[in-house]
Amino acid sequence: MAPPADARLQLETARLTALYGRRAVVKDVSILFPTHTVTALIGPSGCGKTTFLRCLNRMHELSEGGWITGKVLLHGEDIYDPGVDAVQLRRRIGMVFQRPTPFPTMSIYDNVAAGLRVNGSRPRAQIDAAVEGALRRAALWDEVKDRLRHSALDLSGGQQQRLCVARALAPEPEVLLLDEPTASLDPTGTQRIEELLHELKTRYTIVIVTHNLQQAARVSDYTGFFYLGDLVELGRTEELFTKPTKHQTEAYITGRFG
Amino acid sequence: MATLPMEQAAAPEPRWQVLRGTNVGDRVYRGVLTAQALSLPLLLLALVSELALNAWPAIRRFGVHFVWTSVWDPVAGVFGAAPMIFGTIASSLLALLLAVPLSLGVAIYLTEFAPKWLRQPVSFLVELLAAIPSVVYGLWGVFVLIPFLRTYVVPPLRATLGWTPFLSGVFYGNSLLAGSVILAIMIVPYIAAVSREVLLAVPVSQREAALGMGATRWEAVWTAVVPYGRAGLIGAVILGLGRALGETMAVTMLIGNRHDIGLSVLQPAYTMAAAIANEFSEATTDLYLSALFEVGLILFVITVAVNALARLMIWRVARGTAVGSRAL
């Protein structure tokens, strides 16, 4: 279940630096992600925003040579603490990737259930209910309820991406990380995902990396601008887009580079 | 260059003719390549017809009994190949049973778990196993494997599963078990190498999708990586089976070459390939020779059937049907 809305700060980073070997790609970034908000991370390609996102559920350390300094706190506890199990953590912080990544050999139902099954076995009825719940929250239920046993590859690209959202939601995470979730979708698919984010933020804390400035403006409450691994500016979305305080931010959002 | 667009549009035919070309060199080149490409299927055809032609006397004499009966009496001129067919299939399947888990384990370890510096050397060494000549495997089997089996494997097997018919009789060394184990060792490099390539070709995004939803590495392998590559993995196994069916030298040296059908893996058996190799030089009568040709023909047919089956399985699996949903 989603945590109570009064949990003030859910996720924050403290002086987080992410490195590949000796090369730092995210430098000394501290951000608070307030509960039940959408935070968009924008910036030109290679600015470190995706790496930063991958630090939030410890996916970065799976990359060749990936490691960090600093802290990532979930409810005040450092997720990089040696006592924390990264696998368990990723069940509390779900992730959706740039391209839809349904498991091609599984049915629609099994794709959503996969996230539950790795979580230990449960009664069938409970899985059924969780799958339906996740598909409903991902706004996909009505489109697939009659063909849950069909291959996930029968779905369109946009539907596949919502399926991946459902898969991430099934284990009831608290935080949802999205890495350019609409980069490979057509405008209709993109619109459905954006509408979805509006509904999801009532239950989840969402961090979304996007290349699309309009998207960031449409979906987010807060926006952070990354450039060359630094967090240049972070603020309420309407303020950052209307009166940015840093000239780099202004140059980027007005399209002068990037 | 100087022509007007109008003129170009008016006369497309001649221009196209020029492009298509009447270049003599091109035609010769094409002819040579076509001939080369066709020569291999023709060779195959010639091989099959020669086999069938030479096997014809035995086929006419024994009919289907050749496949079903077990008497192999060159003196009386009675031939039945059932024990060899049984031995070939039994030794190959037993070899697969031993080799597939091992090969898959090696491939998964090398692609998913091994530290980077270890991956190349180990896969190189595994593949090197394929380069060892068959007869060397046979020698090693006689002098190392059989004593090892006799001392360390057969006694505990007997102690635990001795009541089953599969372990009855005295173990002299040369046996279905020894032949199968050597076959297993010989096909591991093939299955492991192909499986490794297959697993390497599974997109990183699939692994990350599984890990991102809170799967352990082990769960990621079994929920995402292996299912994604299953068509290729089946192909790898079938490739190994194909090698096992046709392998001759090492098996001949270890399997005992007894023309008999028995359930016990500790008893000697015979394979088709071994029989052909052993008996060709002593096939004095035309019927004997013809019977050996028929054995060759059957071996050929089985191998082709296995490969066809593999194609079919790969094709069915690769269509992307939701196989996993059937488990529910």
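Modeller: Angles under 35 degrees count as roughly parallel, and those over 145 as roughly antiparallel. Please note that this is a predicted model.

Colleague: Why are α6(A) and α7(A) called roughly parallel to each other?

Modeller: Helix α6 (residues 157-169) of chain A packs against helix α7 (residues 187-200) of chain A at an angle of about 25°. The limit is 35 degrees, and α6(A) and α7(A) are therefore roughly parallel to each other. Their axes lie 8 Å apart, and the crossing is right-handed.

Colleague: Which residues of α6(A) and α7(A) meet?

Modeller: From α6(A), G157(A), G158(A), Q161(A), R162(A) and V165(A) meet T188(A), G189(A), R192(A), I193(A) and L196(A) of α7(A). By class, this contact comprises 3 nonpolar, 5 polar and 2 charged residues, with Gly counted as polar.

Colleague: What makes chain A as compact as a globular protein of its length?

Modeller: Chain A contains 10 helices and 10 strands. Its radius of gyration is 18 Å, and the globule rule gives 18 Å for 258 residues, so chain A is as compact as a globular protein of that length. Of these 258 residues, 47% count as buried, the criterion being 20 or more other C-beta atoms within 10 Å.

Colleague: How many residues does each chain bring to the contact between chain A and chain B?

Modeller: Chain A contributes 30 residues and chain B 22 residues. On the side of chain B, the largest share, 6 residues, comes from α9(B).

Key:
Residues numbered from 1 in each chain as written. Chains lettered and ligands numbered in written order. Predicted model: local features only at pLDDT ≥ 70, side-chain atom pairs only at ≥ 80, totals over all residues. Helix = DSSP H or I, 4+ residues; strand = E, 2+ residues; numbered from the N terminus. Rg over C-alpha atoms; globule rule 2.2 N^0.38 Å. Buried ≥ 20, exposed ≤ 12 C-beta atoms within 10 Å, placed from the backbone. Contact = placed C-beta atoms within 7 Å. Axes fitted to C-alpha atoms, helices over the stretch in contact; angles between N-to-C directions. Parallel < 35°, antiparallel > 145°, perpendicular 65-115°, else oblique. Left-handed = near helix turned anticlockwise from the far one by under 90°.
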